[in-house]
Amino acid sequence: MSNAAKVNEFLDKAKVFYFLTTDGDQPKGRPFGFHMLVDDKVYFGCGTFKNVFKQLTQNPKVEVLALDGGDFLRYDGLAKVVKDDALLAKVREAMPQIMDLYDKNGWEMGLFCLENGHAEIRGMMDLKEEFDV
């Protein structure tokens with residue numbers, strides 16, 4: 001299993017995870033649920049009108065935090081915005097109701113992945129696995 005697939009599998013198990021950015025010098029976190037593995041890259045998406053999207057474009061240093069039972073994942077890297085119609089079509093297949101809402105409101109889904117990623121899977125007291133993604 002590739003390292004990207006390990007991250008994706010952990011996020012699948014966690015279902016909801018937390019996406020962390022900064023707003024100036026203030027940390028900001030919020031729950032996310034959408035992610036998908038395509039061509040061995042984990043992609044995320046959110047509305048380009050949202051503060052989180054503005055934050056990750058102003059400072060691309062981000063982190064994902066996910067919990068699965070007693071284990072947690074930290075996955076950090078540089079957010080890279082991706083404009084790809086084929087990828088957006090896969091998002092439409094995965095989340096048709098959300099994308100219909102975006103279309104009705106004239107909103108754009110911003111897709112991104114993390115470059116130069118690093119991940120840790122930890123228990124409360126120990127490091128279980130650490131790898132680059």
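Visitor: What is the volume of the largest pocket?
Guide: In this predicted model, the largest pocket has a volume of about 220 Å³. Of the 14 residues that line the largest pocket, Phe32, Gly45, Cys46, Lys50 and Tyr102 are the closest to its centre.

Visitor: Which elements give two or more residues to that lining?
Guide: Those are β2 (26-32), β4 (41-47) and α4 (96-105). By class, the lining of the largest pocket has 10 nonpolar, two polar and two charged residues. Gly counts as polar here, and Gly45 is one of the residues closest to the centre.

Visitor: Helix α4 also meets α3. Why is α3 called roughly perpendicular to α4?
Guide: The axes of α3 (residues 85-94) and α4 come within 5 Å and cross at roughly 115°. Angles of 65 to 115 degrees count as roughly perpendicular, so α3 is roughly perpendicular to α4.

Visitor: What makes the contact between them?
Guide: Helix α3 brings Leu88, Val91, Arg92, Glu93 and Ala94, while α4 brings Pro96, Met99 and Asp103. These residues divide into five nonpolar, no polar and three charged.

Visitor: How do you know that Lys6 and Glu129 meet in a salt bridge?
Guide: The rule asks for a Lys or Arg side-chain nitrogen within 4 Å of a carboxyl oxygen of Asp or Glu. For Lys6 and Glu129 the N to O value is 2.5 Å, so the pair qualifies as a salt bridge. Lys6 lies in helix α1 (residues 3-14) and Glu129 in strand β8 (residues 127-132), so this pair ties together parts that are 123 residues apart in sequence.

Visitor: How many salt bridges does the rule give?
Guide: The count comes to seven salt bridges.

How values were computed. Residues numbered from 1 in each chain as written. Predicted model: local features only at pLDDT ≥ 70, side-chain atom pairs only at ≥ 80, totals over all residues. Heavy atoms only, no water. 1 Å grid on protein atoms, 1.4 Å probe; cavity = no way out; pocket = protein on both sides within 12 Å on 5 of 7 lines; lining within 4 Å. Points joined across faces, edges and corners; volume = space filled by probe spheres on them. Helix = DSSP H or I, 4+ residues; strand = E, 2+ residues; numbered from the N terminus. Axes fitted to C-alpha atoms, helices over the stretch in contact; angles between N-to-C directions. Parallel < 35°, antiparallel > 145°, perpendicular 65-115°, else oblique. Contact = heavy atoms within 4.5 Å.
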